[in-house]
Protein chains: 4
Amino acid sequence: MSFNTFGHLFRVTTWGESHGPALGATVDGCPPGVPITEEALQVWLDKRKPGQNKFTTQRREPDAVEILSGVFEGQSTGSPIQLMIRNADQRSKDYGDIAEKFRPGHADITYWQKYGIRDYRGGGRSSARETAARVAAGGVARAALGALVPDLRITGYMTQMGPHGIDRARFDWEQIDQNPFWTPDAAAAEDWAAYLDGLRKAGSSVGAVIEVTARGVPVGLGAPIYAKLDTDLAAAMMSINAVKAVEIGEGMAAASLTGEANADEIFMGGDGPEYSSNHAGGILGGISTGQDVVVRFAVKPTSSILTTRQTITKSGAPAEIITKGRHDPCVGIRAVPVAEAMMACVLLDHLLLHRGQVGDGPRGAIG
Amino acid sequence: MSFNTFGHLFRVTTWGESHGPALGATVDGCPPGVPITEEALQVWLDKRKPGQNKFTTQRREPDAVEILSGVFEGQSTGSPIQLMIRNADQRSKDYGDIAEKFRPGHADITYWQKYGIRDYRGGGRSSARETAARVAAGGVARAALGALVPDLRITGYMTQMGPHGIDRARFDWEQIDQNPFWTPDAAAAEDWAAYLDGLRKAGSSVGAVIEVTARGVPVGLGAPIYAKLDTDLAAAMMSINAVKAVEIGEGMAAASLTGEANADEIFMGGDGPEYSSNHAGGILGGISTGQDVVVRFAVKPTSSILTTRQTITKSGAPAEIITKGRHDPCVGIRAVPVAEAMMACVLLDHLLLHRGQVGDGPRGAIG
Amino acid sequence: MSFNTFGHLFRVTTWGESHGPALGATVDGCPPGVPITEEALQVWLDKRKPGQNKFTTQRREPDAVEILSGVFEGQSTGSPIQLMIRNADQRSKDYGDIAEKFRPGHADITYWQKYGIRDYRGGGRSSARETAARVAAGGVARAALGALVPDLRITGYMTQMGPHGIDRARFDWEQIDQNPFWTPDAAAAEDWAAYLDGLRKAGSSVGAVIEVTARGVPVGLGAPIYAKLDTDLAAAMMSINAVKAVEIGEGMAAASLTGEANADEIFMGGDGPEYSSNHAGGILGGISTGQDVVVRFAVKPTSSILTTRQTITKSGAPAEIITKGRHDPCVGIRAVPVAEAMMACVLLDHLLLHRGQVGDGPRGAIG
Amino acid sequence: MSFNTFGHLFRVTTWGESHGPALGATVDGCPPGVPITEEALQVWLDKRKPGQNKFTTQRREPDAVEILSGVFEGQSTGSPIQLMIRNADQRSKDYGDIAEKFRPGHADITYWQKYGIRDYRGGGRSSARETAARVAAGGVARAALGALVPDLRITGYMTQMGPHGIDRARFDWEQIDQNPFWTPDAAAAEDWAAYLDGLRKAGSSVGAVIEVTARGVPVGLGAPIYAKLDTDLAAAMMSINAVKAVEIGEGMAAASLTGEANADEIFMGGDGPEYSSNHAGGILGGISTGQDVVVRFAVKPTSSILTTRQTITKSGAPAEIITKGRHDPCVGIRAVPVAEAMMACVLLDHLLLHRGQVGDGPRGAIG
């Protein structure tokens, strides 16, 4: 309910700043008896970790997660799980020269105006480094989902870099882990590598579109009216740094369609209702249909570029700014594991909500 | 926190079904001393009211709002404000023939599967009729904002109908109230009238894009990390029936831009910081900048069309369905006042949150 | 989370003032499929209804409850249930002479100071009339509990009137419904009748102690640390008008005991663990043990008496005040059904929470 | 809203177990610009720290608090403040012999039954060690209150040990810090020392009554109906380990009074309204009057005693249990700083809520 917490029953409170001693997540509401280890969580953090190739920031962080509470003898106890990640590479001297200037496109100016405090160390709380804590919490959510819904699979991937989209005809789930962009289109990955290398050398940056698909989602998740599954997914994705738009299923393109073109007709399959298509993105009336849940979002280009731009100082004087140091030419890349984590948190949360209000399983049988 | 409530401090709980005796909103957290009358709320409800022209459903509802509590001698008391709207035109016989079939694209099937209850009367709780309650609550929010931020203006309008977008060069605030589509482009309004008339006669439907702009928003609204202003706006808009995507500022288009193209440079103006552009949509790091707050969303075409489609019955048998009766060829039209109401609720909520956590006004001065 | 809502998953928002057109409760989170009728709810309201004998206020209110939403064909749908009670006997002229004076012991002065609004009509929102809405909501909770935990019984009763306590040796569950004080001690009921009649004629008033026992509570309800079952019961009871203290089990008397005297030893019975005694009041570590849950609370004497007292007016001038009109000599009597309703709401809420976080039934078997 | 979080706008989430690596509090919602240092927080932790005299457990814990986030250059930033306390003395071998038995009066059995996990290390999450985190969070609340309401003073003290109450005629604020029991009655302190020494040597324990008074509370704090100031204080105190009852002002004794005896008459003083007495405990209708806010609560005797008692094992077999090791003969002593911390958290929370909903200061003037 307050400002740094996400979720209804599975509640994640993240804390920490880019250049403080540590950051982390307080995870409240994990069901008891879920197997959880630091090693299993670390897998997800390693996926997000910076500095893994030339396309992401060269800040070196081991991002090693410590479990400080809520897990006993390898199992969740039902008590809050504290996940802490020490900040290692806090070279705050990099940022000293911008302590008085506001970086355009960053939250420097609004945080200052709102709070009257200028944490110039790499953006402080507004840094995307906060998302490391989300990924750790998402690991807990995945572990719980693994116990409760073994067939659920959550996969994020990039579908567009700058103006260059993938070719859906080449979509291959197996390719996603095989390239630095988490894209299912191997040919696009090659093109993007050259494109992004050019941008990187020019000190520029570019936006991206990320899609997350959850397969094997149980029917019935979502709590109308104001905690619809799509509503909560929209909030989850929009809360990620630099995200400017969220789409469910057909997304913005739905505006251009007629009712005939947009219809997902219903048939009876062997295991229950099936649909002729999935324009809806797996959600009707805010409740999951059992189809793939498909969310897509746009990440803006990072504002930290090597081109000089105009800004002002705290005293209101005009100034020029240029962002040196280590930065990501396409921050969308590292948003992929973050978005997967948010999807996991939302789905677990709604699974628990559903179980609480309605009991296990769907209530209305068909056939 | 539960499912039918929206907001943090200004909390709106809507209740009621399409064909029950009444629906309404329980509005908790309105500051005391705000002038509120049924007449002033009715203005907003009349804007949303169905049956006002041939482009919206012919269901006849006076949508007369009654204030049952929380207002004394014309002023809010600080106690919850109960707003009730009686349903008048509940012709539920229209819907009797679909009691056993699930309408594709509607929430019939997921509500049944989740709750095991089939309220076949026009969609029950999942009907867009619920949004009348939002508009009433939004009227309260507007009244409170009027007292606290007199210069604030919230305006919604349609920017695209089906594949046909407006020409931004013809954007005219004065035109918005002059056509049935709430569009700022008078030429588009003419084209759309012919286009939609054709669809209506063919029993078809089409999607739309709606934009809402808030002008005069104070600097500093928004509560990072998980109640950012854009996060809460995304949730607010996505919770509206048939919405499939939400954009802030540049939206999906931000993905295609470079950092140079997307930058909103900062200058010092007479009243404080000014920006060279507004790609950000008035929000940085989840906090308002003082620029226009710009939100855009896509509404899918209504699934109720006169073309036969395939579906199944509760017993799993295949069936054909065709939706007769009164329906909207472009439900996006009536989403305009709803979206304005949601914007008003979110802004008031964040104004109160800001005042609570930080005190009145921004804390960090510039210049 | 806001101010007029109670509960975590089963959320009750009450609204309305003593002398407005209506009051009610918006009940969100009732599981679907629960049989609910106005007639069944009315039974509980009739129990609380004023004017039933000479010991309660002579205000005449039918307190007829209307269900406006959330129930279809006799069953809850999972959507919010709106319960409305029209105010019939709003003789606000009775209160006109106190519009400028603050009644000592009432909330008149603090509501004025906080909100700057003086709703002089019988206390407005601070009137105990608000508890009618709680009783209606409690009826919904009872219906849901009846479906989920058929053996659960919730019973409230008076154990002390003024300085006169019951004799526990005469405790008889069957007597509770047989006297106007809901006391299990028939002899006390006779004594109290004479005692209270004297106070009534003298225009005086007196406090009382109420106890509520829930029998058949499942093991495992309660959510440590800050939604412990006893914590939530304490909040629930303290929120009732005029309550000044809440006890669980041994209550204040626990302070005087030694560890040996206070111990509830554990034995193995046929159906699971049994206890040698119930000093704990059925709750250990915030979680129900399966024993009777026992809550007790003190209600202060109503401040509305016929003796002149000193006060001030809104302009700060000294004044004398004497409260004429219809009032209760022992408001504790009518707190009994209210407290039962709150117990029902808390237990249902925790049943849903438990089911959500842990699943059905206790997880750790014994024996 | 979830289970390990307390507060509405000033939200404290505690985490950690008795014998895990660390415990702490995630404090969300502290206003920005509040001076906060580890040294200042440590003062409060030292007050609660075990092993300071022969009357409290001999567990040796430095209870050194680390600030991991939310404070920059000595000031709160508005971001969440993570407070961590490492557990030093985790002699879990002490507890090994009770891993299979349930200690009567402890939460061992209910945690097992609810969660199916037995954290036998000193009670795990249910240990009173959790309260160290509350004291740390309370230190933050005190710092913020110090900035916002400089004249506010919060003082806790013991008014009864076992059956032995203080003599209110000897009440002396200055004595409270002068004895190991935090009692304002120096003569009682002497008597209690002998009494408790006897109990300690006998391996017994005893209950206590603690009172907390807040002086200088602004008028108008409290959010009716379900976040009344007394409601939230009742929840806050009842959530403390071993608390069995909470009283406001006159408390249980109010039941015995007549309306005449219980009346707090109102007069006009130099600075506003004054009252002839404070039976109400500084709260009317859930809102502070400006008088002292007085809360009192009973702590049961610790169940860990040297007398053998009957219990059962996880397999349901009968067993005898005797608690060796380090324990408190009167846990009420250490509840004093915890209760002060809870009072501070509640008052700050309501100050922020009031400011959010109503704005600074009371609205309705008198005189």
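1. A salt bridge is taken here as a side-chain nitrogen of Lys or Arg within 4 Å of a carboxyl oxygen of Asp or Glu. By that rule the side chains of B:Arg334 and B:Asp328 form a salt bridge, with an N to O distance of 3.2 Å. B:Arg334 and B:Asp328 are both buried, where buried means under 20% relative accessible area, exposed over 50% and partly exposed in between (1.4 Å probe, protein chains only).

2. On conventions, this is a predicted model, in which local features need pLDDT of at least 70 and side-chain atom pairs count only at pLDDT 80 or more, whereas totals for chains, interfaces and linings use all residues. Residues are numbered from 1 along each chain as its sequence is written, chains are lettered from A and ligands numbered from 1 in the order in which they are written, and side-chain values use heavy atoms, with hydrogens and water left out.

3. Over all chains, the search of the whole structure finds 66 salt bridges. One of them joins the side chains of A:Glu340 and A:Lys47 at 3.0 Å, N to O, and this pair links distant parts of the chain, since A:Glu340 lies in helix 8 (residues 332–358) of chain A and A:Lys47 in helix 1 (residues 38–48) of chain A, 293 residues apart. Helices (H or I, at least four residues) and strands (E, at least two) are DSSP runs numbered from the N terminus. Both A:Glu340 and A:Lys47 are buried.

4. A further pair in chain B has another setting: the side chains of B:Asp167 and B:Arg170 meet in a salt bridge of 3.8 Å, N to O. B:Asp167 has 32% relative accessibility and therefore counts as partly exposed, and B:Arg170, at 40%, also counts as partly exposed. In chain A, a network of salt bridges links A:Arg168, A:Glu211, A:Glu247 and A:Arg296.

5. Turning to the interface of chain B and chain C, 41 residues of chain B are in contact (heavy atoms within 4.5 Å) with 42 residues of chain C. The area buried between the two chains, that is, the accessible area (1.4 Å probe) that two parts lose on being put together, summed over both, is about 3,200 Å², and carbon and sulfur atoms give 60% of this area. B:Leu68, B:Phe72 and B:Ile117 supply 18% of the area that chain B buries against chain C, more than any other three residues.

6. How many salt bridges does the rule find across the interface of chain B and chain C? The rule finds zero salt bridges there. Strand 2 (11–16), strand 3 (22–28), strand 4 (65–67), strand 6 (75–76) and strand 7 (81–86) of chain B each supply at least two residues of the side that touches chain C, and strand 2 gives the most, with five residues.

7. As for symmetry, chain B is superposed on chain C by a rotation of 180° with 0.0 Å of shift along its axis (RMSD 0.0 Å), so the two copies are related as by a two-fold rotation axis. The superposition is by least squares on the C-alpha atoms of residues with pLDDT of at least 70 in both copies. Because 100% of the interface residues of chain B are also interface residues in chain C, the copies meet through the same surface.

8. In chain D, D:Ile176 is found in the loop between strand 9 (164–165) and helix 5 (186–201), and its relative accessibility of 3% means that D:Ile176 counts as buried. Not counting residues up to four places away in sequence, D:Ile176 touches D:Thr155, D:Gly156, D:Tyr157, D:Trp182, D:Thr183 and D:Pro184.
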